[in-house]
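Trainee: I have a structure open and would like to learn how to read its features. Could you walk me through some of them?

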Amino acid sequence: MLRGYLLRGHREFFTGLWTLIISVSLSFIAGIYLGFVSAVLILIPGLMVLVTPSINMRGAIAGILTSRLSSAMHLGAFETKFGRDTELGDNLRSSIILTVIISVVLAIFGKIICILTGTEVIGIAEMIIISVVSGVLAGVIVTAVGILISVLCYRKSWNLDMVGAPVVTTFGDIMTLPFLVGTAIVVMQLPFIGKAILGILVIALIIWALISMHWATKTMKDVLREGLPLLTPLCLLGIVAGVLYTNQLEGLIAAASVLILISPFMNGCGSIGGILTSQIGTEMHMGLVDARSFPQSLVWKHFIANYVYALLILPLMGLLSHAAAVLCGITTPGLIPMVLLSLIAGLIVVTVMNLLGYYTAAITYRLGYDPDNFGVPVVTSSIDLIGATSLILVMAVLFV
């Protein structure tokens, strides 16, 4: 069955595989960076709480963009025009609005959760400035990459479902973390007047986003109406994951190769889930897959492909994390423990992602919503908490 599937769908399968390998390899840039800035995470209380949800919100928002554009391509509604009331232009503007609003939500939720859990954290004004400024800077770049890859796939007749999610989640990793840490360092060193000026700019951005929501086109309102209520509670999953990492920060620094692993691990597992949800969303729009309680054979083939992806890239993640730690002089528990950590925790996460991705698409489709607006955000946001929990639990067993 597996061999026949690979032979029939070898082009898409290997497109997805090579995209995953490239994206995971590139995400090690963010992982190594995180390993090097561990001291900053300690010096700026609560910053680690924003790391995971900020990265995944960038990927989730850009993932909505590429998933919707992919469906538009398959349905013949895609055009390379950026004007008002165009598929590309309206989705682009919706992504920027979502970025601004969700960045504010992340900061507020992060502050509240830290207070409730007794986690040390900086002030709310500083949290909002850091989250919005870094989020908008990184978000503009990641959204631009999403647009470029969408246009490229359209012109080259590539399947955007197999490329979009891995590419935008990778650039979400690479762009978000340096902007977040860099903005935090700058903001914490600014005098009061500097923070006040940045605060005014942030307020202006928020006002612009709210006004734009009011004058939005129908397509923009559809994206925002479904995206905001979905992404807002999903922020909590990432923040709780950030609190888990914060509370384990000393242990993570003691085995700093795990800090290197976090970004590619989340990227790889999230990209695998993103490919699945993009495929299923497109296939539901085209009538190839029904929103049934029990997945059809075509969906099971996607599940099997995801496990093949996982078995190929998860050990590679552990190996590269250990090698990067050794080369950079960062502490590591060893090659075998790192490979086992990545493989075991990753297989747990991929299993959950398969089920979560399918049933998210099926339920939203049944309820009359667009699965393209829900699949990638749910998967990439859930990966925060599920991935963090899996890594920490498997670490507790392996690193005793």
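Mentor: Gladly! Let's start with a pair of helices: helix 5 passes helix 8 in a left-handed crossing. Keep in mind that this is a predicted model.

Trainee: How should I read the angle between helix 5 and helix 8, and what is it here?

Mentor: The general idea is to compare N-to-C directions on a scale from 0 to 180 degrees. Here the axes of helix 5 (residues 87-117) and helix 8 (residues 192-214) cross at roughly 130° and come within 9 Å. Angles over 145 degrees would count as roughly antiparallel and those from 65 to 115 as roughly perpendicular, so helix 5 and helix 8 are oblique to each other.

Trainee: What about helix 12 and helix 13: at what angle do their axes cross?

Mentor: For helix 12 (residues 297-328) and helix 13, the crossing is at roughly 155°, with the axes coming within 8 Å.

Trainee: Let's turn to charges. How many salt bridges does a search of the whole structure find?

Mentor: First the general idea: side chains of opposite charge can pair when their charged atoms come close. In this model the search finds two salt bridges. One joins arginine 93 and aspartate 90, with 3.4 Å from N to O. These two residues are three apart in helix 5, so about one helical turn separates arginine 93 from aspartate 90.

Trainee: Is aspartate 90 buried or exposed?

Mentor: Aspartate 90 is buried, because its relative accessible area is 0% and buried means under 20%. Arginine 93, at 29%, is partly exposed.

Trainee: And which residue does lysine 195 pair with?

Mentor: Lysine 195 forms a salt bridge with glutamate 126, and their closest N and O atoms are 2.7 Å apart. Lysine 195 belongs to helix 8 and glutamate 126 to helix 6 (residues 124-156), so this pair ties together parts 69 residues apart in sequence. Both lysine 195 and glutamate 126 are buried.

Notes: Residues are numbered from 1 along each chain as its sequence is written. This is a predicted model: local features need pLDDT of at least 70, side-chain atom pairs count only at pLDDT 80 or more; totals for chains, interfaces and linings use all residues. Side-chain values use heavy atoms; hydrogens and water are left out. Helices (H or I, at least four residues) and strands (E, at least two) are DSSP runs, numbered from the N terminus. Angles under 35 degrees count as roughly parallel, over 145 as roughly antiparallel, 65 to 115 as roughly perpendicular and the rest as oblique. A crossing is left-handed if the near helix is turned anticlockwise from the far one by less than a right angle, and right-handed if clockwise. A salt bridge is a side-chain nitrogen of Lys or Arg within 4 Å of a carboxyl oxygen of Asp or Glu. Buried means under 20% relative accessible area, exposed over 50%, partly exposed in between (1.4 Å probe, protein chains only).
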